[in-house]
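Hi everyone, thanks for coming. Please have a look at the structure on the screen, and then I'll walk you through some parts of it.

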Amino acid sequence: MQARASRQIGLVVVRISPCTRQDWEPRPTGFANRNYDELDWPRNTLPCDEFICNDVSSKVVPFHARELTANMANSDFNDGAAYERLMGRWSRLVGEKFLDWLAPQPNLAWADIGCGNGAFTEEIIRRCQPASVLGLDPAEGQIAFARMRPGTELARFETGDAQALPFPTASLDMAVMALVIAFIPDPAKALAEQVRVVKPGGTVATYMWDMPGGGFPGIHLFQAMQQLALPNPRPPSSALSTREALESIWTSAGLKDVASTKLSITVFFENFDDYWTTFTLPAGPQAKHIMALTDDKKAEMKDILRRILPIAADGRIAFTSFANAVKGRRP
Ligand SMILES: C[S@@+](CC[C@H](N)C(=O)[O-])C[C@H]1O[C@@H](n2cnc3c(N)ncnc32)[C@H](O)[C@@H]1O
């Protein structure tokens, strides 16, 4: 297992120390002098752009998110480390609530479709005692990151498309998509594929930030872009992320016992710079839009954001984000 970890870490990190995988942990940005236990989040949800090795026998070699994937192909979601800071931390928090709501039995065969960098896959393994997990995503950089996560050794990852799943018919118990459906050009086709691969009685479920309702953590960016009359970077199937739309498409796919819920979390940024850096890392569709702006436009956008974000007196920014979830059973 250690050999597997070193090989995969070696794929993306050049300056690797002799640490084993469990010796690495995120070091939260700007929290170096804080007592982690004072904070009310689990340690692995803290904002971080560095990892630090705890093995005192090894040389401490911090590495930065950008170095991890500098040579990887460019796409909206091909940088697993950047994605971790942008969304992985929130994905885990909302994913925990989603899994509690699903309340699955142990020993099930899962597929995590659009698994990204494995943030949610890790939660499935940690909380649900699955028999197996297949993780699938078109972005090779995300898959490379997913493979090296401390908690994903049970999972098997491959690249592929939700609209043409490389899994046999009726082979799985649970097919889930976490924060993916809005990015898929033909969500009905992806849903039909999910229905195909689960056994009769199996569950098909998803959750997505409520894009029309303002639940996306980057909602203030969209508002600022709108005020500046800039193109809208929302994902193509964003309209599907309301509870009504999700229930409707789930029912149309022939699923039974369809139910939906709203999942809310508090997202947090240490200060405005943390917010801006997070959303301009190379992950997600908003970053390339923002980075293509002139310096003057970026400055205008920052001014608007400083007005509309809830910035506390100490500079910290916290607000509620929310996703909608839907589940159904294959008859
Ligand atoms: C916001 S990320 C969510 C990642 C992960 N599920 C999570 O919760 O952190 C969206 C993911 O959808 C993936 N994606 C986009 N189009 C897809 C498609 N056609 N099939 C499968 N995944 C897709 C992207 O590569 C990206 O990793």
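Let's begin with Q129, which is partly exposed because 13 other C-beta atoms lie within 10 Å of its own. Here is how that scale works: with C-beta atoms placed from the backbone, a residue is buried if 20 or more other C-beta atoms lie within 10 Å of its own, exposed if 12 or fewer, and partly exposed in between. Q129 sits in the loop between α4 and β5 (132-137). Its phi is near 45°, which is a positive value in a residue other than glycine.

Two notes on what you are seeing. This is a predicted model, in which local features need pLDDT of at least 70 and side-chain atom pairs count only at pLDDT 80 or more, while totals for chains, interfaces and linings use all residues. Residues are numbered from 1 along each chain as its sequence is written.

N107 also has a positive phi, near 65°, and is a residue other than glycine. You'll find N107 in the loop between α3 and β4. Is N107 buried or exposed? N107 counts as exposed, because it has 11 C-beta neighbours inside 10 Å.

Now for the whole chain. The protein chain has 11 helices and 10 strands; these are DSSP runs numbered from the N terminus, with helices being H or I over at least four residues and strands being E over at least two. Of its 331 residues, 45% count as buried. Now take the contacts in the chain with a separation of 6 or more: 72% of them are between residues 24 or more positions apart. By contact I mean that two residues have their C-beta atoms, placed from the backbone, within 7 Å.

Next, the ligand. How many residues surround the ligand? There are 22 of them, and the closest are S91, G114, G116, A162 and A178. The shell is made up of 14 nonpolar, 6 polar and 2 charged residues. In this grouping Ala, Val, Leu, Ile, Met, Phe, Trp, Tyr, Cys and Pro count as nonpolar, Asp, Glu, Lys and Arg as charged, and the others, Gly among them, as polar. Helices α3 (80-102) and α4 (119-128) each supply at least two residues of this shell, and α3 gives the most, with 3.

Let's stay with α3 for a moment. M87 belongs to this helix, and M87 is buried because 26 other C-beta atoms lie within 10 Å. M87 and P217 are 130 residues apart along the chain, yet their C-alpha atoms are separated by 8.5 Å.

E96 is also in α3, and with 18 C-beta neighbours inside 10 Å, E96 counts as partly exposed. Leaving aside neighbours within four places in sequence, E96 is in contact with E123 and R127. From E96 to R127 is 31 residues in sequence and 8.0 Å from C-alpha to C-alpha.

Over in α4 we have I124, which counts as buried because it has 30 C-beta neighbours inside 10 Å. Which residues does I124 touch, not counting those up to four places away in sequence? They are L99, W110, D112, P130 and V133. I124 and W110 are 14 residues apart in sequence, with 8.6 Å between their C-alpha atoms.

In the loop between β4 and α4 is N117. N117 is buried, since 32 other C-beta atoms lie within 10 Å.

On to α6 (residues 187-197), whose buried residues are P187, A190, L191, E193, Q194, V195 and V197. These pack against β4 (109-113), β7 (172-178), β8 (198-209) and α8 (243-252).

Last, a pair of helices. The axes of α7 (residues 219-227) and α11 (residues 295-308) come within 9 Å and cross at roughly 125°. Axes here are lines fitted to C-alpha atoms, for helices over the stretch in contact, and angles run from 0 to 180 degrees between N-to-C directions. That angle makes α7 oblique to α11, because angles under 35 degrees count as roughly parallel, over 145 as roughly antiparallel, 65 to 115 as roughly perpendicular and the rest as oblique. The contact involves H220, Q223, A224 and Q227 of α7, together with M301, I304, L305 and I308 of α11. By class, it has 5 nonpolar, 3 polar and no charged residues.

Notes:
Near = placed C-beta within 6 Å.
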